Amino acid sequence: MPARSLYAIAPHLSRAECEAITKKVLGYSTADECRVTVNSGMRQNTRFAVNQISTAGDDYNAAVTIRAVIGKRVANVTVNRLDDASLRAAVQNAERIARLAPEDPELLPELGPQQYQEAINWSDATASLEPEARADAVRAITEPARRAGFISTGYIEANANSFADRQQQGALRLLAQHLHGVHHHRAHARRHRLRLGRRVGQRLGGASTRGSSPSARSRRRGGR
Amino acid sequence: VDAAKSAGADYADCRISSARSQNIGTRERRVTNIGDNETFGFGVRVLVGGAWGFAASSNLTPDEVVRVARQAVAQAKANRAAMVKPLQLAPIHHPPVPNGVWRSPIRIDPFTVAIEDKVAYLLDANAAAMAAGARFVNSNMFFLKDEKTFASTLGTVTQQTIFRAQPGMTVTMTSPDNRDFTTRQSTDIQPKGLGYEHVLDNDMKQHAARWVEEAKEKLSAKPVEVGRYDLILHPTHLWLTIHEAIAHPTELDRAYGFEANYAGTSYLSPPEEKLGKFRMGPSFMNVLADRSAPGSLSACGWDDEGVAPEDFHIVKDGMFVDYQTTREQAMWLDWWYKQNGKPTRSHGCSYAQTWADVQFQRMPNVNLMPGERDLVWEDLIAATDNGIAIVGDGSFSIDQQRYNAQFGGQLFYEVKGGKITGMLKDVAYQIRTPEFWNALDMIGGKRSYELGGAFGDGKGQPAQSNAVSHGCPPTRHKQINVINTGRTA
């Protein structure tokens with residue numbers, strides 16, 4: 001990723017960068033089918049509770065998922081090291097795993113070439129939601145709440161990422177290679193999810209907004 | 001860390017992590033998924049003027065490291081503007097560790113075992129279940145290897161390699177008319193902080209036929225009569241009740257309202273009115289937290305802010321005496337520790353799920369300690385005249401303060417006159433947490449102590465998952481309300 005200023009719009013891989021990565025990965029592939037997904041971008045968040053900011057974070061990640069299909073055998077590998085050696089190793093790993101996997105009789109072939117419209121869900125304001133702007137938004141909630149004798153708690157998150165997806169099919173993969181769609185600039189913000197509870201000592205009268213047990217949603221690999 | 005310090009951080013720490021995970025899923029005679037994931041990156045946390053900042057990146061280059069460190073400092077400065085009270089960090093009870101190394105005590109690195117062998121293991125186990133009459137069977141394995149390096153401005157540098165392993169199976173039986181079904185999950189094989197030896201030591205193929213037979217028996221079992229019963233709870237079941245009804249409400253951030261927006265608060269609040277004053281259970285009830293038990297999911301050498309975790313009592317002789325803390329949170333209880341002549345210091349409960357997530361207070365292993373008498377499961381059953389014995393954890397529901405709850409299970413046995421007289425189905429028990437623990441009247445001894453646990457203990461925004469074990473012996477609880485979950489209007 002090129003160097004950028006501290007407060008530049010949140011980075012993500014460009015169409016050209018995604019095309020270069022997907023082309024490179026498909027070039028490494030010897031599988032019957034290979035699908036490459038590139039997901040990159042920033043997650044920016046500020047959390048507040050008891051009328052003050054508790055945690056905040058800005059993180060950047062770029063990950064490549066390779067889905068290799070050999071006959072009716074399939075495997076997925078995800079890596080976020082994008083140097084040539086790591087990508088080549090990931091492709092080889094996906095194909096090695098796919099060869100070891102038993103056949104899946106329910107496996108469906110790729111859809112083939114599709115037409116995608118350009119995504120229009122980008123917002124510069126969301127992508128550049130700096131820590132100061134998030135802190136200001138928090139203060140706009142917490143200060144009136146405190147003055148009114150309430151306790152406020154909430155969370156702001158902005159995501160700005162690009163998502164690219166590309167596949168090849170069959171022995172003619174280099175010729176048959178086609179762009180499955182490079183969906184740029186997906187961004188959304190969840191702002192000001194706010195919960196107010198009247199102050200009773202240090203207790204909150206309000207219930208949590210997301211259910212009592214985020215851990216209850218799944219069993220074996222899921223939450224508790 | 002140096003870049004953050006140069007940019008104005010009063011304190012800074014950095015975690016570099018390379019984590020690899022692998023999951024394999026099968027169903028009957030086929031593989032349903034094989035996934036292999038690696039994620040690598042670093043996160044920088046800073047303290048500036050009493051406010052936190054955190055930034056992270058997967059791009060570990062000299063320029064990006066400096067940018068991220070400065071970003072964290074800039075963020076802390078912005079957060080300071082919305083600060084009510086500057087936070088302070090409790091001192092660490094040990095000198096800086098300049099070259100710390102810790103590794104999970106494994107025998108076989110799961111990533112050195114061929115996928116082919118893992119798939120064969122699962123399909124063999126499925127075949128055993130199908131041969132025993134299972135209508136459907138799913139089985140899976142999940143492995144994690146997390147290599148993380150931590151450094152702080154205090155001079156600590158640690159390198160840790162953490163392994164986790166979870167094999168699992170679910171068999172499903174249906175009634176002949178397909179109007180009813182039941183499942184049996186492999187809850188007698190719990191996830192552990194171990195390597196592939198955990199899979200080999202718990203051969204699912206050997207257990208599969210029994211799980212099928214138990215599912216068959218449950219399908220045709222007698223529906224439970226609603227009422228109050230003495231409950232005898234097996235460690236494979238009880239660990240979850242401990243997790244939900246003791247471990248969660250004793251997280252200090254919940255008690256002070258810092259999780260009100262997501263995970264919830266706690267009935268053990270405010271701390272000033274609960275610590276040393278609230279009776280959790282009988283005098284023989286002791287709850288000890290640790291991150292040291294070999295093979296446990298939370299075990300580590302140092303937490304994610306460089307503190308060597310210590311064992312500490314949450315419940316001592318039945319009284320509630322402490323919360324789970326980090327360096328920041330220990331200062332919130334300074335008054336309590338001073339009052340009791342104890343040093344104000346973190347219990348070592350800081351954890352982040354990946355390099356991209358900020359570390360915060362997460363649960364250590366929270367364990368119900370065995371009693372002094374050498375009692376085992378069979379002793380508790382023999383001492384019970386009219387009860388229900390529950391094995392394995394199942395579905396549950398609990399409120400956000402962890403006060404009112406309902407728990408199911410895997411297997412339910414009717415106990416009459418000190419003997420198991422048959423299997424029951426559609427059992428769930430309802431509790432108010434303090435009453436439930438104060439109804440505890442028998443507890444197993446050391447010999448009957450087992451570790452249960454789970455991946456995916458959820459908390460925080462953005463949501464993070466923690467992995468945690470809970471050790472316990474079997475227990476008996478007097479006169480608990482039991483409902484029938486199969487009844488229809």
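Start with the contacts of chain B (heavy atoms within 4.5 Å). Among those between residues at least 6 apart in sequence, 75% join residues at least 24 apart.

This is a predicted model, where local features need pLDDT of at least 70, side-chain atom pairs count only at pLDDT 80 or more, and totals for chains, interfaces and linings use all residues. Residues are numbered from 1 along each chain as written, chains are lettered from A and ligands numbered from 1 in written order, and side-chain values use heavy atoms, without hydrogens and water.

**Whole chain**

Select chain B. Its C-alpha atoms fill a box of roughly 70 × 55 × 45 Å along the principal axes. Buried residues (under 20% relative accessible area, 1.4 Å probe, protein chains only) make up 66% of the 489 residues.

Now show the cartoon. Chain B has 12 helices and 25 strands. These are DSSP runs numbered from the N terminus: helices are H or I with at least four residues, strands E with at least two.

**One sheet**

Which strands form the open sheet? Select β12-β11-β10-β15 of chain B, in that order; the pairing is antiparallel. Strands pair if DSSP finds at least two bridges between them. β12 (319-320) and β15 (365-368) of chain B stand at the edges with a single partner strand each, so one side of each has no neighbour in the sheet.

Next, pick β10 (residues 287-290) and β11 (residues 312-316) of chain B. They pair in the antiparallel sense over three bridges. Finish on B:Leu288: its bridge partner in β11(B) is B:His313.

Definitions and conventions
Buried means under 20% relative accessible area, exposed over 50%, partly exposed in between (1.4 Å probe, protein chains only).
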